Amino acid sequence: MPSDDLFAAEGKVIVEAQKLLDDGRFADIGDRTLYEGLLKDYQKLLRTTRRLMRLSDRNEEQLNALSKEQKEANTVIAKHNKELDALATKLSKYLSPQIYHSIFTGAQNVEIASSRKKLTIFFSDIMNFTETTDRLESEDLTNLLNRYLTEMTNIALEYGATIDKYIGDAIMVFFGDPQSKGVKEDACACVRMALAMLRRLSELHTEWLELGATEPFHLRMGINTGYVTVGNFGGDERMDYTIIGSCVNATARLEFHADTDSILIGHETYALVKDEVDVEEREPIKVKGFAEPVRCYKVLGLYEDLEREGSVIREEQDGFKLLLDLKKRERAEAIEALQAIIERLKQ
């Protein structure tokens, strides 16, 4: 309803009041003067109220217009946000999730910068991949390789690895940056990841053979722990978040010297995981840039898995630690050794 219609009753009151004055209904001049004053105040108040109502109406119209514009603006912003989310999702496929998260949360700047950190590095490579490419059609090879990389990537992410890059059929990841659970925990997670990859590869072998593959992929894996330089390398227009250093080269050499479908780890990694991982020391390998041959160990498995299989007995308490590897020592010999220890304790 227009605001003027709201004051129709007040308008009638004024007309009737003015009529009383015009008809000379007030005999006393004092009463007439007082009545005229009240009528003028009432008229003034009514005019003021009408102005305020008209002002209120205009403000309401402006607010309604702004509300409509705001809704249209919100629709445009929501559309742009949806497009940005879709673009960010596509871009995330080209970045390791940890790197993507640190950049998009502002924890890490996109600039040329690096730092020194102790990381555990992992390399894997498909053996005789070049010969495999010669035997397979391009489409079959692409499907096989993408399936393999997808499976290995899922496992790497599950264990918290930062995926550095794919180099053809090779995979390079590291633990300890940008997120770290501690140097020892990172090294253990890396070895556990590698063992999980080998288990999954064994399952894939079965699938591939059932699909007609005659020679499924086989891997070599290398793991090493040490200080590297990690950060953004490249130029202002194009950069990679990666690691460099002699430890990286040593890891690649460990991978190269690993047996088929096995893991070779460096000495520092061994020192960090030895309480959880059973290993077999191998001949040291020569690595360019290292004055001395690099000590290395073949991973045999996790002690917790070997215990379940019955090949290892472990017992650890405060001031007491026992590790009995029944693959390396006969039961009778182990019992004899333990009895000798008991006799010494009785003395």
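Helices (H or I, at least four residues) and strands (E, at least two) are DSSP runs, numbered from the N terminus. The structure is a predicted model, in which local features need pLDDT of at least 70 and side-chain atom pairs count only at pLDDT 80 or more, while totals for chains, interfaces and linings use all residues. Residues are numbered from 1 along each chain as its sequence is written, and side-chain values use heavy atoms, with hydrogens and water left out.

**Exercise 1. Describe the secondary structure of the region that UniProt lists as "coiled-coil region".**

Step 1. The unreviewed UniProt entry places this feature at residues 52-83; UniProt positions are given in the numbering used here, feature names are shortened, and annotations may be inferred rather than shown by experiment.

Step 2. In the model, residues 52-83 are 100% helix and 0% strand.

**Exercise 2. Characterise the interface of domain 2 and domain 3.**

Step 1. Locate the parts. The protein chain comprises domain 1 (3-77), domain 2 (118-309) and domain 3 (311-346), with bounds from an automatic or database domain assignment.

Step 2. State the separation and the contact. The C-alpha centres of domain 2 and domain 3 are 34 Å apart. Eight residues from domain 2 and eight residues from domain 3 take part in the contact (heavy atoms within 4.5 Å).

Step 3. Give the area. About 730 Å² is buried between domain 2 and domain 3, and carbon and sulfur atoms give 40% of this. Buried area is the accessible area (1.4 Å probe) that two parts lose on being put together, summed over both.

Step 4. Count the salt bridges (a side-chain nitrogen of Lys or Arg within 4 Å of a carboxyl oxygen of Asp or Glu). There are four salt bridges between domain 2 and domain 3.

Step 5. Identify the elements on the side of domain 2 that touches domain 3. Both β7 (277-285) and α9 (303-309) supply at least two residues each. The most comes from α9, with five residues.

Step 6. Classify the residues on that side of domain 2: three are nonpolar, none is polar and five are charged. Here Ala, Val, Leu, Ile, Met, Phe, Trp, Tyr, Cys and Pro count as nonpolar, Asp, Glu, Lys and Arg as charged, and the others, Gly among them, as polar.

**Exercise 3. Which residue forms a salt bridge with R200, and which helices hold the pair?**

Step 1. The search of the whole structure finds 28 salt bridges. In one of them R200 pairs with E151, with the closest N and O atoms 2.9 Å apart.

Step 2. R200 is in helix α6 and E151 in helix α5 (residues 138-158), so placed that the pair links distant parts of the chain, 49 residues apart.

Methods
Polar contact = N/O pair within 3.5 Å; in protein donor to acceptor, adjacent residues only side chain to side chain.
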